[in-house]
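The sequence and structure come first.

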Amino acid sequence: MNDKEIPAFAGSYEFKMPKMGESITEGTIINWLVNEGDTFEEGDIILEVATDKVDNEVPAPASGTLVKTMFQAKDVVPVGEVIAVLEVSEEVKSKKETMIPSEANESHKEKTKVAKLKPTSSSSTSFSVSNSNNFFSPLIIKIAKEHHISFEELARIPATGNEGRLRKSDVFNYIEEGRPYKFAQPVTQDPTAYRIPQLKFDKGKGKVIEMDRMRQMIADHMVYSKHTSPHVTAYVEADLTNMVNWRKANKNDFEKKYGERLTFTPLFVEAVSKAIKDFPNINASVDGNKIIVKEDVNIGMATALPSGNLIVPVVKNADTKDLKTLAANVNELASKARENKLAGDDIKGSTFTISNVGTFGSVMGTPIINQPEVAILALGIIKKRPEVIETEKGDEIAIRSMMYLSLSFDHRVVDGFLGGSFVRRVADYFEQFDTNRSI
């Protein structure tokens with residue numbers, strides 16, 4: 001049997017290359033969105049086809065199963081040629097057999113007008129979107145309803161389909177990432193409000209690098225955070241001399257005793273956890289007009305991956321763990337990050353995040369809040385400097401190990417007193433480190 005021979009299947013339906021315009025005689029298959037053996041619902045997009053004029057998404061004429069594809073991606077196929085065999089579960093109406101993609105889409109739009117992103121009241125509403133398409137297929141609508149995803153949230157999901165269309169895989173990937181835009185709120189349009197001018201800049205010439213999926217998600221997450229939370233940053237300076245000297249004196253013994261490297265990170269996590277217990281409202285998230293103060297203290301650690309992207313593995317229940325356990329957790333997560341072996345549970349559930357920008361030699365930073373948290377702490381490089389200190393003999397100049405701490409917080413729910421007091425308390429725990437502490 002050759003490639004074009006159609007085998008006989010009970011209830012099979014020959015799915016042909018549709019006509020996509022009066023002068024169009026052939027189309028190029030861009031991509032099959034359904035694999036052989038997969039089931040689909042009527043109206044689901046099953047493949048993308050390109051012509052010399054436009055790219056089209058071809059919907060399924062009925063519910064069923066894709067039995068066999070006759071052509072693959074990049075194949076050029078004449079209009080009317082059988083491109084697949086479908087096992088349909090219901091009769092295919094003649095209108096659907098001859099319907100071109102543009103007509104089919106119009107028909108589905110009429111059937112799913114609820115999918116159009118229109119204001120829910122007489123007042124005009126608007127919101128930022130990650131994909132430019134304002135129509136979602138029946139399958140996307142079905143998934144959104146099952147997971148209680150609003151259209152405001154749906155419109156923010158990064159789309160990888162043709163012309164910015166949202167695919168099923170985009171939605172499921174978004175759900176697996178923990179739905180970072182879950183609390184997206186419509187914004188009332190004020191006719192007097194400032195609008196970003198649509199300026200066109202000369203982007204220049206050079207090497208073009210496509211963002212990978214993670215970089216796109218990071219970009220969307222950061223833009224969403226700045227759009228959602230009014231950021232304020234508070235700075236303090238801390239003297240880490242006692243902590244630095246204690247770690248230097250005990251790190252070798254610590255590793256021999258517990259088999260774990262003693263970096264500064266578990267010491268930082270320990271101090272931050274103590275400060276959170278003192279100021280629990282910094283360990284929160286926002287849900288509309290409600291503030292959710294978290295019971296657990298889960299500290300996220302911004303960590304660089306080998307690709308250069310950042311990820312935030314999480315030390316769960318950090319306030320309940322001793323230094324040995326914290327060191328083990330931190331080392332395990334850091335190792336997994338370097339080897340790209342972090343599991344989904346390793347990066348979920350953070351309630352507060354720290355970013356050790358000092359690792360890269362930065363003196364200080366102004367971090368962007370890791371949504372849906374309300375604050376993030378950046379720790380600068382530990383640098384030796386001459387400082388004036390008070391002694392029994394009076395003021396003296398001494399070489400001290402100093403660090404700048406910067407706390408970015410959401411000014412909707414964290415005011416200057418709470419933000420400033422919290423970061424100062426973290427610095428106090430750093431400075432008051434017990435040099436007589438045993439391991």
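## Burial of Phe268

A residue counts as buried when its relative accessible area is under 20%. The model is predicted. Phe268 has a relative accessibility of 2%, so Phe268 counts as buried.

## Aromatic pairs

A pair of aromatic rings is described by the distance of the centres and the angle of the planes. How many aromatic pairs does the count come to? The count is 5 aromatic pairs. One of them joins Phe264 and Phe268. Their ring centres lie 5.9 Å apart, with 15° between the planes. This pair is stacked.

Both residues belong to helix H8, which spans residues 264–278. Phe264 and Phe268 are 4 residues apart, about one turn of the helix. Phe430 joins them: ring pairs link Phe264, Phe268 and Phe430 into a cluster.

## Charges over rings

Arg247 lies over the face of its ring, 4.5 Å from the ring centre.

Trp246 also has an arginine over its face. Here the residue is Arg437, at 5.8 Å from the ring centre.

## Helix H5

Helix H5 covers residues 168–176. Which residues of H5 are buried? They are Asp170, Val171 and Tyr174. Seen down the helix axis, the buried residues of H5 fall within an arc of 95°, so they line one face of the helix.

How values were computed. Residues numbered from 1 in each chain as written. Predicted model: local features only at pLDDT ≥ 70, side-chain atom pairs only at ≥ 80, totals over all residues. Heavy atoms only, no water. Phe/Tyr/Trp six-rings, centres within 6.5 Å; stacked < 30°, edge-to-face > 60°. Helix = DSSP H or I, 4+ residues; strand = E, 2+ residues; numbered from the N terminus. Buried < 20%, exposed > 50% of the residue type's maximum accessible area, 1.4 Å probe, protein only. Lys NZ or Arg CZ within 6 Å of the ring centre and 35° of its normal. Arc of directions from axis to C-beta.
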